[in-house]
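Here is a friendly note to go with the structure you are about to look at.

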Amino acid sequence: MTIDYPKIIQDLGAEIDPQRNEGQVAQYIPELAKVDPSKYGLALQCLGGDQYTLGAAEEKFSTQSIAKVFSLALAMLHGGNAIWERVDVEPSGTSFNSLVLLEYEEGIPRNPFINSGALVVADLLVELLDNPKGTLLSWIRQMADDQAIDFNYAVAASEESCGHRNRAMAHMLKGFGNIHGQVDEVLNFYYHLCSVEMSCKQLAQAFTVFANDGCQATGQRLLSSQQSHRINALMQTCGFYDEAGEFAFRVGLPGKSGVGGGIAAVYPGHYSIAVWSPQLNPQGNSVLGMESLESLTSKTGMGVF
């Protein structure tokens, strides 16, 4: 079946109203609270090479939790299956920064995409790598085939200035023996991870690795098939905080959201896509991002289910 992506993207753009006042820009991180709520961008990258965009597809934004997919992939690449001895693979059913389950389950985070799980992944990378931040940045640049990707140091500092729950979480993990390194070093790496800035075009390009069985569009293999498949499975079940079931029901693609308003998703074997709209619903997911992806899969009739 041939899909007319240009028409579908054009129709989708006509439906989306970035001026609609629904949702709220993330307020708890001061730098994110400054973002224009009417921003909107989309980039769809087909594995055959074609790319289609809407709006501010080349404007960079804070990827936040989307970047946790990259850190997990890097941890799996360098640490093998060691991470699964310290982090579970189940949906959380609670908010992304909840401490309740961490206490109840004795320091084993439910999955690597909630804050506690990402902190354990960060600790593993700090332990394994001589230059964790530099290696992470090189890895993301390699995945996106773009050397212009960098941290937003103002965002990292902003997160550190108000990251009291993350600090409490890291100390709780340390108390349970699931943070091996120094808490301050792990937190510093974590805040820089969340501050990574990318555009929709760069994100869609990087996520082709997960759409293409662990390979870049050029055919260069960066992850094994098993690693890529497991990351996709985790994105499908755990990629949207405690709204993963809703996203699977409405959209039907593996993906990951971030409180910067971005969503990146993949249709394995076909395409990767990134959407950015900073107005969030109460669960922390982009209102227009979810609507855009639901519209795309409805119009194409294509999804993993």
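**Notes on charged pairs and cysteines**

1. E31 is partly exposed, with a relative accessible area of 26%. On this scale, buried means under 20% relative accessible area, exposed means over 50%, and partly exposed lies in between, using a 1.4 Å probe and protein chains only. K34 is exposed, at 61%. E31 and K34 form a salt bridge, with their closest N and O atoms 2.8 Å apart.

2. Before going further, please keep in mind that this is a predicted model, in which local features need pLDDT of at least 70 and side-chain atom pairs count only at pLDDT 80 or more, while totals for chains, interfaces and linings use all residues. Residues are numbered from 1 along each chain as its sequence is written, and side-chain values use heavy atoms, with hydrogens and water left out.

3. How many salt bridges does the count come to? The count is 14, where a salt bridge is a side-chain nitrogen of Lys or Arg within 4 Å of a carboxyl oxygen of Asp or Glu.

4. Do have a look at E58 and K201, another salt-bridged pair, whose closest N and O atoms are 3.8 Å apart. This pair links distant parts of the chain, 143 residues apart: E58 sits in the loop between β2 (51–55) and β3 (61–62), and K201 in helix α9 (residues 200–211). Helices (H or I, at least four residues) and strands (E, at least two) are DSSP runs, numbered from the N terminus. E58 counts as exposed, at 63% relative accessibility, whereas K201 counts as partly exposed, at 27%.

5. D184 and R167 also meet through their side chains in a salt bridge, at 2.8 Å from N to O. D184 belongs to helix α8 (residues 183–195) and R167 to helix α7 (residues 164–175), so their contact ties together parts that are 17 residues apart in sequence. R167 is partly exposed, with a relative accessible area of 31%. Elsewhere, salt bridges that share partners join R20, E22 and E291 into one network.

6. Now for the cysteines: the count comes to zero disulfides, a disulfide being a pair of cysteine sulfur atoms within 2.5 Å. C162 is partly exposed, at 27% relative accessible area.

7. The sulfur of C215 is likewise too far for a bond, because the closest cysteine sulfur, in C46, is 18 Å away. C215 is buried, with a relative accessible area of 11%.
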